[in-house]
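Here's a short walk through one protein chain, from the overall fold down to the side-chain pairs. Have a look at the model first, then read on.

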Amino acid sequence: MGKMTLSLKSFPKMVFEFLEPLQGLVLLFPFLGFFFFHVWQGLEKAKLQRYIHERTTTKEELKRKNDELKIGIVSYTSAERIETLYRRTYQFLPISLGNRTVTIELPPIPELPSKSNP
């Protein structure tokens with residue numbers, strides 16, 4: 001039992017002797033940690049900037065397509081185009097400016113079957 005107590009008391013000394021050659025790494029660890037943190041931060045920043053650039057490009061492309069669609073809607077629903085299609089289809093005379101009426105007909109809403117009738 002006395003030997004075991006002696007070995008337990010010398011245990012911290014053995015650990016210190018074992019770790020003594022690694023003292024240089026303990027001094028370098030903060031510098032290495034700072035270096036790797038700096039590199040990681042730079043990589044993350046570059047990745048996020050690339051992501052932002054891709055999303056900005058996509059946003060601009062979608063805005064352009066949206067504007068093209070708005071122009072298409074305006075040109076396809078203009079009174080002049082509807083009148084031209086009407087005259088071309090039905091071979092009617094031109095409509096005077098005072099008598100022109102533009103209407104848009106929506107499709108009928110389908111009725112839901114009632115639950116009370118089996």
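## Ground rules

First, the word for how open a residue is: buried means under 20% relative accessible area, exposed means over 50%, and partly exposed is anything in between, with a 1.4 Å probe and protein chains only. Arg 64, for instance, has a relative accessible area of 43%, so it is partly exposed.

This is a predicted model, where local features need pLDDT of at least 70 and side-chain atom pairs count only at pLDDT 80 or more, while totals for chains, interfaces and linings use all residues. Residues are numbered from 1 along each chain as its sequence is written, and side-chain values use heavy atoms, with hydrogens and water left out.

## The overall picture

What does the secondary structure come to? Three helices and zero strands, running α-α-α from the N terminus. Helices here are DSSP runs (H or I, at least four residues), strands are runs of E (at least two), and the numbering starts at the N terminus.

Of the 118 residues in the protein chain, buried ones make up 3%. The chain exposes about 12000 Å², and carbon and sulfur atoms supply 68% of that; the areas come from the Shrake-Rupley method with a 1.4 Å probe, and for residues only the protein chains shown count as cover.

## How confident is the predictor?

Confidence is given as pLDDT, scored for each residue from 0 to 100. The chain's mean is 78, and 74% of its residues reach 70 or more.

## The annotated span and its aromatics

An unreviewed UniProt entry carries the annotation "transmembrane region" for residues 22-40. UniProt positions are given in the numbering used here, feature names are shortened, and annotations may be inferred rather than shown by experiment. In the model, residues 22-40 are 95% helix and 0% strand, with the end C-alpha atoms 26 Å apart.

Now for the rings. Phe, Tyr and Trp rings (the six-membered one for Trp) pair if their centres lie within 6.5 Å; planes under 30 degrees apart count as stacked, over 60 as edge-to-face and the rest as tilted. The count comes to two aromatic pairs. Phe 35 and Phe 36 are edge-to-face, because their planes sit at 65 degrees, with the centres 5.5 Å apart. Phe 35 is partly exposed at 48% relative accessible area, whereas Phe 36 is exposed at 53%.

Phe 37 and Trp 40 make a tilted pair, 6.0 Å centre to centre with 35 degrees between the planes. Both lie in helix H2, three residues apart, or about one turn of the helix. Phe 37 (44%) is partly exposed, and so is Trp 40 (47%).

How many salt bridges does the structure hold? Three, taking a salt bridge as a side-chain nitrogen of Lys or Arg within 4 Å of a carboxyl oxygen of Asp or Glu. An α-helix has 3.6 residues a turn, so residues three or four places apart point the same way. Glu 44 bridges to Lys 47, with the closest N and O atoms 3.3 Å apart; these two are three residues apart in helix H2, about one turn. Glu 44 is partly exposed at 27% relative accessibility, and Lys 47 is partly exposed at 42%.

Further along, Lys 65 and Glu 61 meet in a salt bridge at 3.6 Å, N to O. They are four residues apart in helix H2, so about one helical turn separates them. Lys 65 is partly exposed at 39%, as is Glu 61 at 38%. Then there's Glu 68 with Arg 64, where the closest N and O atoms are 2.8 Å apart. Those two also lie in helix H2, four residues apart, about one turn. Glu 68 counts as partly exposed, with 46% relative accessible area.

## Helix H3 and what follows

Helix H3 (residues 79-90) has 12 residues and reaches 16 Å from its first C-alpha to its last, close to the 16 Å expected at 1.5 Å a residue. That expected span is 1.5 Å times one less than the number of residues. What follows H3? Gln 91, whose phi is positive, near 55 degrees.

Key:
pLDDT = per-residue confidence, 0-100.
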